[in-house]
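Here is a quick tour for someone meeting this protein chain for the first time. Have a look at the sequence and the model, then read on.

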Amino acid sequence: MKIGMRRPRISIEQDSDGKFNIEERKETKGTRFFLDAKKLFLSEGVLFYADKITGEVLEAGDFNLDVSRLRFTGGKAPDHLLKNLSFTAEFACKAFRKGSLAVSNLKVHIEGKEGILDLDPVTMRLFGGQGAGSLRADLSGSVPHYNVRYSLSRFRIEEFLKALSPKKVAEGSMDFSSSLSTRGKTADEMKRDANGEFSLRGENLTLDGVDLDRTFSRYEASQNFNLVDVGAFFIAGPFGPLITKGYDFGSLFAGSGGSSRIRVLVSGWKVERGIAQAKDVAMATNENRIALVGSLDFINERFNDVTVAVVDGKGCAKMRQKIHGPFRKPEVEKVSVLKTAAGPILSVFKQAGKLLGGQCEVFYAGSVAPPK
């Protein structure tokens, strides 16, 4: 049997109890339903999905779906829909949107059987780069399990930042990769059990609106500059938008003038049970290196003794500042800095202690080499 439809409009909702509006109703319970189709196809369709648990809304326009070996056997018990469904599918969508996130040329191969969904491969165009990855969702048990792998090659940082600010504050290409596993029914449960790794890397980036090297060279005379305005967002890498909530990126570098060349930026993190630990997080300009150590607690949305420092050729801190407390209102050593959402988040580095006998405690020993 073949079933097809052209230009369908599909709306799927998941309520606060996790039930889909396409699941069987009470009046149909106890009735056995059976479907066995060789092929099901939808062409030039529009899909709308709303999750009332997370508040997520997804829209897919001009999509094509080809499903083969579709088999569904409903039982008398109110089993989960996917437990009784098996299929193979190819999904292609020219335009996909989730909030301000826009994806093009999305293609997915899907295998479904006994409550387990395998999406592999998943390819797309995003922020001017090429994305590829996979997702396994095991929905067969009482608690869903998820495994995600994703990489985005040579995406444009200016395209990514458009979602945060209409003003161009940086440009250049970057590479992102991630591997994450988690379990849970809600976003909070999934955060608590999240484990994996994230990595962001870029070379020869341009930061507009501020000359970092000039700012650092004048530090001792000025005793004042804004750390976020000199690149903390970029050091934070994949977590930048999360840990700088409410910050007005349109005000970055206003009135500073100049520009900076970022020779290399590396942001590598390891996530264990919802806490991201900095493994290799640093960037280098023509004359300076800035590095970050510490961890980010996404369960409680707090900085765990995060320290940012300007380091010398030996990796010793020349200037540093420790940050802790909630993402929305962080506390900085000896300085309270978060004034307003559009105001400075961090300012006034603390100079490191004097070196004893020419030795120092190495603050950074990662992959970013010192300027020559």
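Which side chain does the side chain of Asp-193 join in a polar contact? The partner is Arg-273, and the contact comes out at 3.3 Å. Keep in mind as you go that this is a predicted model.

## Around Asp-193

To find Asp-193, go to the loop between helix 2 (187-192) and strand 12 (195-208). Asp-193 counts as buried because its relative accessible area is 18%, and the cut-off for buried is under 20%.

Who else is around? If you skip the neighbours within four places in sequence, Asp-193 is in contact with Ser-181, Thr-182, Arg-183 and Arg-273.

## The chain as a whole

Let's step back a bit. The chain has 372 residues, and 41% of them count as buried. It is built with six helices and 19 strands.

Now for the contacts in the chain with a separation of 6 or more: residues 24 or more positions apart account for 56% of them.

In soluble globular proteins, nonpolar side chains tend to be buried together. Here, the largest nonpolar core has 61 residues, and the members that touch the most others are Phe-87, Phe-91, Leu-106 and Leu-296. Strand 4 (residues 57-73) is the top contributor to this core, giving six residues.

## A buried Asp with no salt bridge

Next up is Asp-297, which sits in strand 15 (residues 289-297). How far away is the nearest side chain of opposite charge? That side chain belongs to Arg-302, and it is 6.0 Å away. Asp-297 is buried, yet it has no salt bridge.

The side chain of Asp-297 does reach a backbone nitrogen, that of Ile-299, at 3.0 Å. Leaving out residues up to four places away in sequence, Asp-297 touches Gly-274, Ile-275, Arg-302, Asn-304 and Phe-327.

## Salt bridges

The structure holds eleven salt bridges. One of them brings together the side chains of Glu-44 and Arg-7, with N to O at 3.3 Å. This pair links distant parts of the chain, 37 residues apart: Glu-44 is in strand 3 (residues 34-51), while Arg-7 is in the loop between strand 1 (2-6) and strand 2 (9-14). Glu-44 is partly exposed at 33% relative accessible area, whereas Arg-7 counts as exposed at 56%.

Another salt bridge pairs Glu-56 with Lys-98, where the closest N and O atoms are 3.0 Å apart. Glu-56 lies in the loop between strand 3 and strand 4, and Lys-98 lies in strand 5 (residues 85-98), so the pair ties together parts 42 residues apart in sequence. Glu-56 counts as partly exposed, at 31% relative accessibility, and Lys-98 also counts as partly exposed, at 33%.

## One more pair, and a network

Arg-136 and Asp-118 meet through their side chains too, in a salt bridge of 2.7 Å, N to O. Since Arg-136 lies in strand 8 (residues 129-138) and Asp-118 in strand 7 (residues 116-126), the pair ties together parts that are 18 residues apart in sequence. Arg-136 is partly exposed, with a relative accessible area of 39%, and Asp-118 counts as partly exposed at 22%.

Finally, salt bridges that share partners join Arg-6, Arg-7 and Glu-44 into one network.

Methods. Residues are numbered from 1 along each chain as its sequence is written. This is a predicted model: local features need pLDDT of at least 70, side-chain atom pairs count only at pLDDT 80 or more; totals for chains, interfaces and linings use all residues. Side-chain values use heavy atoms; hydrogens and water are left out. A nonpolar core is a set of buried Ala, Val, Leu, Ile, Met, Phe, Trp, Tyr and Cys residues joined through side-chain atoms within 4.5 Å. Buried means under 20% relative accessible area, exposed over 50%, partly exposed in between (1.4 Å probe, protein chains only). Helices (H or I, at least four residues) and strands (E, at least two) are DSSP runs, numbered from the N terminus. Contact means heavy atoms within 4.5 Å. A polar contact is a pair of N or O atoms within 3.5 Å; within protein, one must be able to donate a hydrogen and the other to accept it, and residues adjacent in sequence count only if both atoms are side-chain atoms. Lys and Arg count as positive and Asp and Glu as negative; His and the chain ends are not counted. A salt bridge is a side-chain nitrogen of Lys or Arg within 4 Å of a carboxyl oxygen of Asp or Glu.
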